[in-house]
Amino acid sequence: MDRPQRIRLNLSTNPYDIVIGRGVLDALPSHLERAGLNAPLLIVSQRPVWKHLGPRLQRALKNYPHLSGLHLVPNGEKSKSPEHYLKLLGKLVQFSGGGDVCLAALGGGVVGDLGGFAAASYRRGIPWVQLPTTLLAQVDSSIGGKTGLDLPQGKNLVGAIYQPRLVAADVSSLNSLPLSQLRSGMAEVIKYALLFSEDFFTYLEQHGKKALQRDQGVLKKIIGTCAGMKAAVVEEDEREQSGFRTLLNLGHTFAHAIENVSAYSQAYDHGTAVGLGLVCASHLAHSLGLGARSTLERVEALLTTLGLPTRIHGLSPAKLFTAQSHDKKRQGDKMRFVLPERIGHCTIIPNPSPSKIKATLDWACTSTRQRRSS
């Protein structure tokens, strides 16, 4: 166990800590106490995650002075459904008997979204904590309070911004993560570098492969850097009122369409789709005269170095364009895109030319170039 990094997210309504390091789960009771949490703890997780981390968490919770319970949901995006949301609410009622309860989401973004929305709505809001176990969740989805469910018409169409009381990211939990999920998480990491820091982008070009080799020092730096960036954005614009937080949607308008059209297949998990969305956003920016060709080339090269695809295969450009019309970030009949002008600086374009968007999708879907590294 090393000394954890602690990032304070200073919100006027609910400030909380993001704790990052090895052994954070083993010291969970002390982190809960420091966060002022003192109630029975219901853990929502998925079976593979619980198989790897459940015994460890159970040992840690022997030092927690309250009852703990467990609710398992199926793997995959299908767990973010109204059906599984109602089942979780039923478990909360059964476990708490209507009394005090704290919910802990142990897993990736799916579990965090589902658990957070249940916490937001059960008894008009109960305390909850994020225990992210994937790289994608540790750098992004566990921070900032966005929760939600999917509907057949699109992703995250039901949701709430409801902040956790604590985010505890244990870097060592990534040791059992499949390489494909580490790669997926790195796409979200690249997003932060493309948004805010060319220096960080260069660091990823130089050291990104070490993250895939589970170098704990590199992973801790990556997670801490991204968490600090997101915390700063959320502090500035918690509820997306000024538009600053909208920048975090870089690549996501394309990515959500890819996920929807592919029916959330494993071939296009969220991180993979985000990586492809970054390529599309960079291409669209260049075609609009906003961004340099070199930005697109560096994004493609970094994704390729990390073993992530840079082209969309087997999906219809026309269907992808239609799916974007359901994106929850639309304003009236206008689609908003976050586009990179250069590495480290992005801008929001409220309604780019539909013909340019279609041309980007055609380019991304029909190109025969598909590079992967081992």
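**A friendly note on some helices in this model**

1. Let's begin where two helices meet: Gly275, Leu278, Val279, Ser282, His283 and His286 of H10 are in contact with Arg293, Thr295, Leu296, Val299, Glu300 and Leu303 of H11. Contact here means heavy atoms within 4.5 Å. By class, the residues of this meeting are five nonpolar, five polar and two charged. Nonpolar covers Ala, Val, Leu, Ile, Met, Phe, Trp, Tyr, Cys and Pro; charged covers Asp, Glu, Lys and Arg; the others, Gly among them, are polar.

2. A word on the source: this is a predicted model, where local features need pLDDT of at least 70 and side-chain atom pairs count only at pLDDT 80 or more, while totals for chains, interfaces and linings use all residues. Residues are numbered from 1 along each chain as its sequence is written, and side-chain values use heavy atoms, with hydrogens and water left out.

3. How do H10 and H11 lie? The axes of H10 (residues 270-287) and H11 (residues 293-305) come within 8 Å and cross at roughly 165°, so the two helices are roughly antiparallel (an angle over 145 degrees; under 35 is roughly parallel). Axes are lines fitted to C-alpha atoms over the stretch in contact, with angles from 0 to 180 degrees between N-to-C directions. Helices are DSSP runs of H or I with at least four residues, strands are E runs of at least two, and both are numbered from the N terminus.

4. H11 has another partner, H7 (residues 198-212): their axes come within 9 Å and cross at roughly 30°. H7 and H11 are therefore roughly parallel. On the H7 side, Glu198, Phe201, Thr202, Leu204, Glu205 and Lys209 meet Arg298, Val299, Leu302 and Thr305 of H11. This contact has four nonpolar, two polar and four charged residues.

5. Now look at H2 (residues 47-61), which bends by about 55° at Leu53, with Pro55 following within four residues. The bend is the angle between axes fitted to the seven residues ending at a residue and the seven starting there. Buried residues of H2 include Val49, Trp50, Leu53 and Leu57 (buried is under 20% relative accessible area, with a 1.4 Å probe and protein chains only). Among the elements covering the buried residues of H2 are helix H1 (28-34), strand S3 (41-46) and strand S4 (68-73).

6. Leaving aside residues up to four places away in sequence, Ser141 touches Gly109, Gln130, Leu136 and Lys230.

Key:
Buried < 20%, exposed > 50% of the residue type's maximum accessible area, 1.4 Å probe, protein only. Parallel < 35°, antiparallel > 145°, perpendicular 65-115°, else oblique.
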